[in-house]
Amino acid sequence: MKFSIGGPLKLAFRPWVEGLENIPAEGPAILASNHLSFSDSFFLPAVLDRKVTFIAKAEYFTTPGIKGRMTAAFFKGVGQLPVDRSGARGAGEAAIKSGIEVIERGELFGIYPEGTRSPDGRLYRGKPGGLARVALATGAPVIPVAMIDTEKIQPPGKVMPKLMRPGIRIGKPLDFSRYSGMEHDRFVLRAVTDEVIYEIMKLSGQEYVDMYATAAKRQIADAAKAEKQAQKEAEQAQKEADKQAQREADRQAQKELEARQALEKERSGS
C-alpha cells in the first residue's frame, strides 16, 4: 500500500513534514495525533519509512458485497485493525488490547486521543483510557503528531479532493515511565492524556476546547436539527399566513362582488 497509495499521495499533495528524526528507526512507539480528516491515517504512514497500525471501526471490515470486500481489503492493506464499537466499554478494551499487541511486536501504533474527528478544526479534550493505558502498560514512548490542514483537502460534502499541501509536525517522544504500574489510576490516565494533548496543541497551533469531540458533534447535530425544525416551522407559519391572507382576499373580493351585484340589481329595479 505504501507503493500503490503512499507514492501517488505524496506526489499529488506534496505534504511537508517536520520532525521526522523523532520517529525511531526501530522499536515500538505510540504516535498520538490530532484528527482532522479521514485522510490523516493515510498521509502520516505515507511520509514514514515504517509501518503504522491504526485501529478502525469493525464495520469497515464486515460490510457485505463486492464494495464491502474491497473496503475491507483496502483497510487491511493500509494497516488498520478492526475494533467493534457496538459497546463503549468493549470498544475501549478492544482498542487497548490491539494497541498493546502492536507495541509488543515492536511496531508503531497510531491513535487519535480525541477519539473521533474534530467537527470544526479545533482540538478537543483527549479521552483517557486507550492512549494512556497502552503507554503505561507497555512503557512505549508517546510521540505527539500534528496534522495540518488535512481537513481542507476534502471538506464534508465535497466529492473531489482539493490539491493542496497538508503538513505534518512530529514532536519529541514523551516518556511516562514515572507512572509505571498506574495504568488503572484514573487521575494518572487523565494527566497523561492531557500532557499529550497539550503537546499536540503546541505543534498544531489549534484552538483547544475543553470538551469531548463526540459531545461537540452532538451539540452541532442538535443545533442543526433545531435550526432545521425552526426553519420548517417558519415555513409552515408562512404558508398558514399566506393561506389566511388569500382567504381574507377572497372574502373581500366576494364582498365587493356582492356589493356590485346588489347595486346593479337596485339600478335595474329602478
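## Packing around Val196

User: Leaving aside its neighbours within four places in sequence, with which residues is Val196 in contact?

Analyst: This is a predicted model, in which local features need pLDDT of at least 70 and side-chain atom pairs count only at pLDDT 80 or more, while totals for chains, interfaces and linings use all residues. Residues are numbered from 1 along each chain as its sequence is written, and side-chain values use heavy atoms, without hydrogens or water. With contact meaning heavy atoms within 4.5 Å, and sequence neighbours within four places set aside, the partners of Val196 are Ala32, Pro113, Leu131, Val142, Leu174 and Phe176.

User: Which element gives the most to the largest nonpolar core?

Analyst: That core (buried Ala, Val, Leu, Ile, Met, Phe, Trp, Tyr and Cys joined through side-chain atoms within 4.5 Å; buried is under 20% relative accessible area with a 1.4 Å probe, protein chains only) has 24 residues, of which Ile30, Val142, Phe176 and Val196 touch the most other members. At least two residues each come from β2, α5, β5, α6 and α7, these being DSSP runs (helices H or I, at least four residues; strands E, at least two) numbered from the N terminus. Six residues, the most given by any element, come from α7.

User: Which residue of β5 is the bridge partner of Ile30?

Analyst: Strands pair if DSSP finds at least two bridges between them, and β2 and β5 do so in the parallel sense over four bridges. Both faces of β5 are covered, with Leu108 and Gly110 buried on one side and Phe109 and Ile111 on the other. In β5, the bridge partner of Ile30 is Phe109.

Note on methods. Buried means under 20% relative accessible area, exposed over 50%, partly exposed in between (1.4 Å probe, protein chains only).
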